[in-house]
Amino acid sequence: MSEANGGSQKPKLSKNEGLKAASGYLKQILAEEIHNDQPSFSDDAGQILKFHGSYMQDDRDQRPRLKREKKEYAYSVMIRVRMVGGRMTAHQYLVCDEIRRLVGNGSLRITTRQEFQFHGVLKQDIAVVIRHLNENLLCTLAACGDVERNVLACPAPIKDRKHEQINEDAQLWASHVAPRATTYWDIWMDGEKIESLPPAGSPLVKQPGDDAVEPILGKTYLPRKFKTAFAFPDDNCTDVYANDLGFLAVVEGEKIVGYNVLVGGGLGTSPSASKTFPFLALEMGYIPRKDVREVGEAVVRVFRDFGDRTDRKRARIKYLVADWGMPAFRAKVEEYLGRKLEDPRDVHVTDVDDHMGWHEQGDGKLFLGIPVQNGRIKDEGNLRLASGLKAFFEKYGTPGRLTCQQKVLLMDLEPAWKNEINAWLEEYGIADVQRVSTVRRWSMACPALPTCGLAVTDAERALPSVIDMIEAELSRQGLEDERFTVRMTGCPNGCARPYNADIGLVGRSAKLGPDGLPGPGTYTVFLGGRTTGDRLNVEYKDYVPHDQIVTELAPIFARFKVERLDGEGFGDFCHRVGVAAEAEATATASH
């Protein structure tokens with residue numbers, strides 16, 4: 001219960017809190033429905049299923065027809081693979097490729113949190129998929145649900161001490177805060193825990209009344225989801241300010257000596273509820289590198305004990321930080337720690353790298369970053385990305401990594417292979433970064449329709465055509481080399497992080513076609529964030545039709561070209577001149 005509630009009468013907990021308590025550490029309700037003959041899980045079991053890394057969905061393109069015919073919806077599940085720092089072996093990639101070919105919709109999707117998702121998996125196949133993943137040292141546990149989600153870290157396989165350290169710290173933290181109950185193994189692996197997975201470790205901070213099974217997360221786990229990222233000041237490729245907990249590295253002599261700890265980031269919002277809003281993480285303090293798990297655990301425990309469990313719209317840690325203020329939040333963390341924290345060091349984000357193209361690793365080998373439009377790995381027309389990546393990993397057998405920009409890094413490549421790998425790109429129609437426009441390179445979208453149950457319009461299917469139009473307009477104005485982020489979501493939940501982008505496009509409503517199917521509709525256009533991810537953008541115009549987005553942006557591009565300061569980026573320009581003033585000016589001009 002939040003301290004702000006006060007009073008002697010306890011507020012009523014949300015339904016999800018009751019479900020978590022009754023589940024017996026996420027087992028009951030779900031276990032009873034896994035092998036029944038129903039095509040979907042009940043709503044209650046579906047809530048528990050999330051903790052196991054899966055969401056219940058249906059094909060919303062088929063809803064109108066099935067509803068008219070009074071038939072059951074086309075139910076399926078989305079399965080998410082937890083991959084800390086986006087790391088995978090060649091064998092693990094091929095396991096995921098095998099699954100996408102045998103079940104689901106035939107594609108793999110890279111998320112904005114460095115992991116894979118399978119879409120369209122039938123309920124009857126979920127158990128065999130999860131078991132097969134775990135047998136190959138991949139896991140879905142805690143990829144969703146009110147727990148620590150997939151932990152982010154710079155994926156660049158650069159062989160220096162600081163890159164090794166940041167990935168070590170991310171792995172240790174992810175292992176430390178993972179659920180401890182054996183439920184997942186009992187359900188999906190018949191009690192057989194794969195011993196070569198990283199051990200959960202033991203808690204470093206002891207508090208009275210600790211739960212014996214889940215000493216960090218507790219019997220009812222966290223109030224809502226929790227996300228952590230590790231980043232470098234000169235490469236914020238994990239969008240650290242958009243996370244509940246962030247560790248911004250303090251580097252001295254090419255070694256990480258500690259971190260500025262950031263708390264309270266989160267971008268999801270509900271337009272109908274003014275009590276919700278996007279929020280970027282605030283600096284809490286500086287810690288030596290050795291204290292990552294101890295201080296991180298204290299932050300999680302404060303969230304666990306004081307986060308709002310009555311209203312899920314206000315249950316993220318960002319509302320705790322916003323309501324209390326950082327000084328009060330820091331004081332509570334220090335109380336849990338039993339000591340004071342140092343003030344943050346004078347370290348801030350200055351740049352971001354998407355790691356695309358050819359790069360030296362620092363050990364004589366190379367890595368190659370491959371653009372993947374909106375993270376979707378599939379074969380379509382001349383682009384045979386799925387077949388091409390399968391062929392690559394079968395032939396070369398080197399590891400890979402996923403980025404927070406939904407891209408793939410191929411690593412440990414011998415320089416002698418460069419020409420034949422370039423030929424491989426040509427053979428499978430895979431564009432290298434030199435053939436992708438700058439604006440497309442820095443764009444992303446969430447899946448939205450037809451699989452996401454929350455989407456109100458298209459995003460992944462709508463953004464490519466918007467980028468086509470933006471490309472044409474930028475080329476016409478001589479701005480094609482400008483780097484700025486364009487991010488689109490099918491609803492205000494912000495999964496593709498639109499609220500800190502240079503241009504954010506957030507779905508508002510779908511337009512129904514003559515066949516009754518929803519398609520690209522209207523969007524809220526946000527301007528004034530920036531590529532480095534450390535500033536929120538501002539609403540420019542609401543309910544903009546899909547085919548009018550570029551018409552609305554064109555006058556701003558023109559003004560940017562003429563009035564920009566030396567070296568000023570598009571988002572910085574919009575922020576400087578004022579987004580509201582620009583909206584008023586263009587509205588006046590149009591009349």
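Figure 1. Between S1 and strand S2 (residues 75-81) the pairing is antiparallel and extends over five bridges. Within this pair, Asp-58 stands opposite Tyr-75 in S2. In general, the strands of a sheet pair through backbone hydrogen bonds, in either a parallel or an antiparallel sense.

**Figure 2. The open sheet of four strands.** A further view shows an open sheet with the strand order S6-S7-S8-S9 and mixed pairing. Strand S6 (228-231) and strand S9 (282-288) stand at its edges with a single partner strand each, and one side of each is therefore left without a neighbour in the sheet. On average, neighbouring strands of this sheet are turned by 25° against each other, direction ignored. S6 pairs with strand S7 (residues 245-252) in the parallel sense, over four bridges. Ala-231 stands opposite Leu-248 in S7. Helix H6 (residues 161-177) lies across S6, S7 and strand S8 (255-263), and runs at about 45° to S8.

**Figure 3. The largest cavity and its lining.** The model contains two cavities of 30 Å³ or more. The largest cavity holds about 100 Å³ of space. Its lining comprises 17 residues, of which Gln-405, Trp-442, Thr-485, Arg-487 and Thr-531 are the closest to its centre. By class, the lining of the largest cavity consists of four nonpolar, eight polar and five charged residues.

**Figure 4. The second largest cavity and its lining.** The volume of the second largest cavity is about 50 Å³. Tyr-25, Leu-26, His-52, Leu-141, Pro-179, Ala-181, Thr-183, Tyr-184, Glu-214 and Tyr-221 line this cavity. The lining of the second largest cavity divides into seven nonpolar residues, two polar residues and one charged residue.

**Figure 5. The second largest pocket.** The second largest pocket has a volume of about 790 Å³. Among the 31 residues that line this pocket, those closest to its centre are Gln-373, Arg-376, Lys-378, Glu-380 and Glu-460. The lining of the second largest pocket comprises 12 nonpolar, nine polar and 10 charged residues.

Figure 6. Most peptide bonds are trans, and most residues other than glycine have a negative phi. The peptide bond from Leu-449 to Pro-450, however, is cis, with omega near 10°. Pro-450 is placed in the loop between strand S17 (443-445) and helix H14 (463-476). Ile-29, although not a glycine, has a positive phi of about 75°. Ile-29 belongs to the loop between helix H1 (15-22) and helix H2 (43-51).

**Figure 7. Confidence along the chain.** The average pLDDT of the chain is 93, and 94% of the residues score at least 70. Over residues 1-7 the pLDDT stays under 50, and the model has 10 contacts beyond four places in sequence for this stretch. The pLDDT is also below 50 over residues 196-206, a stretch with 27 contacts in the model beyond near neighbours in sequence. Where pLDDT is low, the predicted coordinates should not be read in detail.

Methods:
Residues numbered from 1 in each chain as written. Predicted model: local features only at pLDDT ≥ 70, side-chain atom pairs only at ≥ 80, totals over all residues. Heavy atoms only, no water. 1 Å grid on protein atoms, 1.4 Å probe; cavity = no way out; pocket = protein on both sides within 12 Å on 5 of 7 lines; lining within 4 Å. Points joined across faces, edges and corners; volume = space filled by probe spheres on them. Nonpolar A, V, L, I, M, F, W, Y, C, P; charged D, E, K, R; others polar. Pairing = 2+ DSSP bridges. Helix = DSSP H or I, 4+ residues; strand = E, 2+ residues; numbered from the N terminus. Axes fitted to C-alpha atoms, helices over the stretch in contact; angles between N-to-C directions. Contact = heavy atoms within 4.5 Å. pLDDT = per-residue confidence, 0-100.
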